[in-house]
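Hello,

Please find the structure below. My notes on the aromatic rings follow it.

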Amino acid sequence: MSIVVFLSNINLQVAVGNPSATGVKVTKLFSAPLPEGAVLNGVVMDQDLLTQAIKTAWELNKLPKQEITLIINSPQLRATRLDAPIASEHKTTDYIRREISQTDYGRFQKPVTGWYVVKKNSKAKTTSLIAETAETEFVNKYVEIFDKVGLKLKSIHNGVQLATEFFSRQVAGKTVIYMILDGNSLVTIFFAEGKYYYDSTLRVFAQPGTPEFAREIYNSISSIRQFISAQHLNQTVKDVIFAGVTQQQVNTLVNDILNIDSQVDISMATPPSGTSIAKESGSFPFYVYPISGLKKVDEKLSILKASKENAKQAASSNSVIKMMIPFVALLVIALVVFVGLQVVKQQRKDELNDIKKYNSDPEILAQVAEYDAMHDHMEEIGSIQGGVDMLNQDLDSYPIADSSINELILQAARSNDVDVTFQTYDADTGVFSIMTSSETVENINRFIADLLNMDVFENVDYTGYTLNDDGTSYNINVVCYLSSPDIPEETEEEVN
């Protein structure tokens with residue numbers, strides 16, 4: 001029997017069951033509210049409140065205390081998908097640490113990484129895997145909390161990636177968006193022709209069942225369509241599968257979305273084939289994360305085991321260092337004293353008379369005075385020249401917002417049937433703001449693509465588009481950062 005605990009900001013969810021050959025068998029599901037302020041985005045804010053909540057849930061439901069998997073969605077538990085060469089577990093672990101050291105490790109002071117296999121490609125001789133990285137203290141705090149309750153954690157996993165793998169069998173060959181609402185946190189997972197492309201998490205401000213909620217959902221769908229266009233994918237996304245809301249809320253969302261875009265087909269999430277739920281099978285959309293955690297995972301190195309190994313290595317290294325410190329210190333001191341005495345003795349014997357003679361020579365003293373005067377003069381000239389060069393470089397590289405910039409933007413607008421309004425230009429930052437509108441999304445995407453290809457802009461910040469209140473056209477805000485003018489390199493003759 002496996003027990004999976006999922007912690008959100010508002011409740012504690014538990015799924016009890018076993019993995020099967022084709023999926024999972026769920027024997028029990030239950031949820032308990034978490035005290036306000038106990039957990040925030042997977043981070044423990046009040047350890048005592050969380051400990052008591054877990055203890056109460058276990059006592060009321062009389063659950064086993066072993067083989068417990070903890071599921072968390074938190075920026076403090078970062079998951080990275082990698083393709084690694086097929087190798088031993090030790091070599092694969094070293095490969096993972098090298099690959100993610102520049103991304104995930106940089107944000108943690110004492111990182112710990114675990115990993116599990118998603119699939120193997122024998123033909124390509126590669127392994128697709130998911131590496132999970134967290135701060136050692138973050139992991140140890142959860143271990144400590146469950147230990148206080150008398151529970152034994154088996155593993156800790158990122159819930160979004162488990163859900164992604166859980167749904168992957170259900171979307172074979174399909175282009176579909178999964179949306180999972182947990183409180184005010186919306187997770188979006190995008191598959192194109194059955195292949196996972198990316199996931200995102202954002203905050204939802206409106207309540208399900210309201211037109212404002214439908215607008216926020218449609219904005220997320222529009223963002224994925226923009227991603228498809230930017231990636232030059234030849235797929236059309238219209239199927240959206242929702243979890244974490246009631247059937248009535250889904251029905252309301254369907255009607256509200258139809259008023260915006262009739263091409264979007266929204267439906268309620270259903271269990272993938274091979275998933276059986278003993279009781280209350282209709283509750284699946286609200287228990288996606290803990291049920292996903294019941295699926296068998298080919299875990300090669302759990303994050304808990306990695307944390308223990310790091311602790312042992314650190315303790316062993318500290319022990320050896322502590323033993324060596326006295327001996328090394330004595331040896332270094334002895335060598336320094338011996339060498340120092342020999343050097344001082346030799347210098348005093350061989351150089352003292354020569355130094356006195358050299359320092360008192362009138363000719364040497366005159367040369368030193370002349371050198372000092374020349375050196376001071378050269379430093380003064382060099383400082384002035386350096387300031388002039390820097391000023392000249394700043395002037396040459398200053399962005400110029402003239403009519404030619406406006407004309408380039410207008411040409412791109414005319415060619416794509418887009419209306420442009422020039423708003424502001426900030427000379428201090430080089431920020432060039434414009435407001436554009438068009439009746440079709442395709443014209444907007446082509447217009448933005450033309451702006452991105454212009455050399456006069458160092459960067460184009462495009463934050464998406466919104467539908468006008470009258471529903472006849474789309475407005476977009478675009479912030480362009482002017483590039484510095486190209487400065488011709490100085491030839492050797494010009495320098496001389």
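Phenylalanine 227 counts as partly exposed, at 22% relative accessibility, where buried means under 20% relative accessible area, exposed over 50% and partly exposed in between (1.4 Å probe, protein chains only). This is a predicted model in which local features need pLDDT of at least 70 and side-chain atom pairs count only at pLDDT 80 or more, while totals for chains, interfaces and linings use all residues. Residues are numbered from 1 along each chain as its sequence is written, and side-chain values use heavy atoms, with hydrogens and water left out.

Rings of Phe, Tyr and Trp (its six-membered ring) pair if their centres lie within 6.5 Å; planes under 30 degrees apart count as stacked, over 60 as edge-to-face and the rest as tilted. The count by this rule is 14 aromatic pairs. One of them is stacked: phenylalanine 167 and tyrosine 178, with ring centres 4.0 Å apart and planes at 15°. Phenylalanine 167 is in helix H4 (residues 159-168) and tyrosine 178 in strand S11 (residues 176-182), so this pair ties together parts 11 residues apart in sequence. Helices (H or I, at least four residues) and strands (E, at least two) are DSSP runs, numbered from the N terminus. Phenylalanine 167 is buried at 1% relative accessibility, and tyrosine 178 is buried at 2%.

Tyrosine 198 and phenylalanine 227 make a tilted pair, 4.6 Å centre to centre with 45° between the planes. Tyrosine 198 lies in strand S13 (residues 195-203) and phenylalanine 227 in helix H5 (residues 211-230), so the pair ties together parts 29 residues apart in sequence.

Regards
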